[in-house]
Amino acid sequence: MEFDVIFGNAARAGLGPQAAIFALAAIGLNLHFGYAGLLNFGQVGFMMLGAYGTAIMVATWGGSLWLGIPFGLGLCVAFALALGIPTLRLRSDYFAITTIAAAEILRLLIRSSPATDITGGPFGLQAIANSFFDLNFLPDGRFGWGTFSYSSNQLWVMIVAWILVVLCSALVLALIRSPWGRVVRAIREDEDAVLSLGKNTVAYKLQALVIGGVIGGLAGVIDALQQSGVGSENFEPQVTFFAWAALILGGLATTVGPVVGAVLFWFLREGVESFIRELSEQGWLPDILADFLDGAEGAISIALMGVGLVALMALRPQGIFGRRRDLHLGT
Amino acid sequence: MSNARSLRSVVALVAVAVLSLFLFGSAQAQDGEGEAFSGTLRFGGEPVEGVRISVVDAAGEVVGEAVTGADGRWRIELPGPGTYRATIDTDTLPKGVMLRDPERQTLEVTVTAGRSRPLIFALGEPVSRGPNVGEKLAQAVLNGVKFGLIIAMCAIGLSLIFGLTGLINFAHGELVTLGAILAWYFNADTFGAQLILAGVLAVVVAGAAGGGVEFSLLRPLRARRLGGFQFMVVTIGLSLLARHVMLLFFGPDRERYIDYALQAEWTFGPFAVTPRDFTIMVLSAVLLIAVAVFLQRARTGKAIRAVADNPELAESSGIDVDRVVLFVWAAGAALAAVGGVFFGSVEAVDWLMGFRLLLLMFAAVVLGGLGTAYGAMVGGLLIGLVTEVSTVWASPEIKAVFALGVLVLALLLRPQGLLGQRERIG
C-alpha cells in the first residue's frame, strides 16, 4: 500500500483551492450562525451567485473580469436582502427552510433552458478567468513532491484564495470584537433583551447576513476562477452541508474553526477516497469486494462523512476548537 | 453470330447513351427551373381553385405570388436559395373551406440550390393538435392531486416529528427512498414478490428503520441534552450516510417496478388516468383520512396531539412522551415509505428521489403550518397542484421553482402556515 501516495493526495486536497473555497464559505456561515444565530442552509446560493455573476459578466456580456467579480458580489448582497427582509423576523427553523429552498430555486432557474442564453443552462459557462491567470507571475511547471504537487495556475489560485481566507477571518474577528459584533452576539443569546435596549435587531441580522453572504460569494468567485468556468451541478444543496460539516468540525463561533475545519474536511475526504482507490487496486481483497469498491470511493467517503457528523455530535458536539457553552446557540 | 452480337452491343450502348442523356437532361432541366415552391390544394379530395399564395424572403420582400389553377396546382419561382415564408390567403378560400391547422397559415421553409420544394397547406375540418389549454389544465390538476397526495403522505411524519421534538429531519427524504428501493429489491431484484407484497414488506422495514433511529440514536442523544441545532446536524449526517449507502448498492440508474408498469389509460371526460395511478390516488386519500381519524379518535392519536401542543403539560399529565415520539418516528417513516413506493410506481425509483422530494415536503409542511399533521396534508396537496399546474404554462424543468416560490410567498404572507397558530412562530 502506497501510503505516501495517499498522504500526498490528502495533503494536496487539504491545502488546495477547494479547501480554501470551503474555508471561505464556512467563514461566512460562522458569521451567520456562530455569531449572529442565523441558520443559513442556502450558503451555496451565495456561492452560486458570486460564481455566475462573475462568469456571466465575462462570458455572456464580454465584460472585464474585474467588473464581473464586484457584479457577482453585488448579486450576493441583493440575494441577502431579498432573503433576509421577509424572513429574518421568523424563527430560525423557518429561516433554514427558506434559505435551502431559495438556493435551490436559483439553481433550477439558472440551469433551465429559458436561461440558457445568459447562464449557459445545463452547459454552464467557460473560459472566464484568462485575465486572472495572466497575472500569474509563477514560472510554469509543477510544484511539490509526488502526488502532493500543484500546477503553476493551481498554486496561483491557492495563493490568492488563502490570502482571502486570512483577510476574511481577520475581518470577521475585527467585526466581532467591535461594538457591532457585541450587539450581534447579544442578539444570538437573547434577541428580546437586545430589542428592549432599543436596537433594531432585524437590521443587525440583515447586515450579518449580507457580510457572511458576500464572503460565501467570494468562495464562489474563487471556484469560478480555479475552474475558469461555472456549471450548475457544482452548486447542489449538498455543498452547503459540506461547508457546514467543515465549520462544525472546526468549531462554531471560533476564528480558526472554519479554516482548520475546511482543511481537515478535504484532507480526510480525499484521504479516504485515495485509500479506497489504493485498496481496490492492491489485489489483496476478494474480487467481489474489489469490484464493489471500484469507482465507489466518492459515495463511500460521503457516507463516512455522514457517520463522522453523527459521531461528532455524539462525542464532541462543539468540534475541535469550539466551546461547550456555545452549544445552545440559535435554536 | 459475331455480327449479331456486335449489333446487340451497339444497340445496348446506344440505349445506355440515350438513357443517360435523358437522365442528365432531366436533371439539367430541373436545375434550369431553379428554386421554387409548389403544391396542390385539395379539399375532401377535390382540387381548390382561385386561392392566392404569396412568398416573402427573409427581408420581408414579396418575391412571388400564385393563384391555384383548376387542378388546384400552384407554383412560385424563387430568386435563389434561402429561407422564405409562404402564406396562404385564407380570405380567398371558398366558403366552408378552411385550414386544418390555423397556425400553419404561414410556413417558413429553407430551400437549397436548384430544389423545388413542395409545400402542403392542409385544408379540412380544423382538428386540435394535441390537447387545448383546458384539457391540459384538467390533466395537470389530476396529476397535481396525485403528486400532492403522495407528498402529503410523505410529509406527515416530517411535520409531526417537528411538532413533537422541534427537529427538522433532513433525513426524511431518505426514508422515502428507502421504501421505494426496498420495494424494488423485493419486487424486481431478488425475491420477485408481487409489488403489493413487496411494498408492504418495504414499508414495514422502513418503519422499523425509522423507529430504530429514534430508539437507538436520537433518544440517547436527547438524554445528553444536545441543542436543536446538533440534532439537525445528526439528521444531516444520517441523510448523507443513508443516501450514499443506497447509491452504493442501488447504483445511479433509474429503475422501474415489474408490476403495473404499462397500462392503458382510463378516460373520464378530460381526465386520463391509468388504473395504477387511480388506485394510488384512492389509497393515498384513504390513508390520509385514516391518519386524520386516528389522530382525532385513537388514544395514541390524542396523545400525539397533546405532546405536539405542549410536551411538558402532556408529560405531567401522564403521557409517556418517549413512547409517543417513538411511535411517530415509526409511523411517519412507514408513511414516507408508502409515499416512496407510490412515487416509484408512478415515476421511477432512484437513489436521489427522496432528497429531491424533501424540499417539496419542506414547502408543504411550512405552507400548511410546521408541526401540524393536517397542515402537511393541505400543504402537500397545494404543492402538488402548484407544481403540476405550472407545467401547463411553464417548462416542466422549473416546476419545482413554483412550489418553492409558493413557499417563500407563504412565509411572507402567513408565516405560521395555513393551519398554524400565530404564536408558534415566535
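This is a predicted model: local features need pLDDT of at least 70, side-chain atom pairs count only at pLDDT 80 or more; totals for chains, interfaces and linings use all residues.
In chain B, two domains are assigned, with domain 1 covering residues 34-125 and domain 2 covering residues 133-425. The distance between the C-alpha centres of domain 1 of chain B and domain 2 of chain B is 56 Å.

The contact between the two chains involves 39 residues from chain A and 36 residues from chain B. On the side of chain A that touches chain B, at least two residues are supplied by each of four elements of chain A, namely helix H4 (65-87), helix H5 (92-111), helix H12 (237-250) and helix H15 (297-315). Among these contributors, H5(A) gives the most, with 12 residues. By residue class, the side of chain A that touches chain B consists of 28 nonpolar, eight polar and three charged residues.

Two open sheets of chain B were examined next. Strands of a sheet pair through backbone hydrogen bonds, in either a parallel or an antiparallel sense. One open sheet of chain B is formed by three strands in the order S6-S1-S9, and its pairing is mixed. From one strand to the next, the twist averages 20°. Within this sheet, strand S1 (residues 36-40) of chain B pairs with S6(B) in the antiparallel sense, and the pairing extends over five bridges. At the level of individual residues, B:Phe37 has B:Ile76 in S6(B) as its bridge partner.

Another open sheet of chain B contains four strands, arranged in the order S5-S4-S7-S8 with antiparallel pairing. Its edge strands are strand S5 (62-67) and strand S8 (106-111) of chain B, each of which pairs on one side only. Strand S7 (residues 82-88) of chain B and S8(B) run antiparallel and are joined by six bridges. In this part of the sheet, B:Arg85 stands opposite B:Glu108, a residue of S8(B).

Note on methods:
Residues are numbered from 1 along each chain as its sequence is written. Chains are lettered from A and ligands numbered from 1 in the order in which they are written. Domain bounds come from an automatic or database domain assignment. Two residues are in contact if their C-beta atoms, placed from the backbone, lie within 7 Å. Ala, Val, Leu, Ile, Met, Phe, Trp, Tyr, Cys and Pro count as nonpolar, Asp, Glu, Lys and Arg as charged, and the others, Gly among them, as polar. Two strands pair if DSSP finds at least two bridges between them. Axes are lines fitted to C-alpha atoms, for helices over the stretch in contact, and angles run from 0 to 180 degrees between N-to-C directions.
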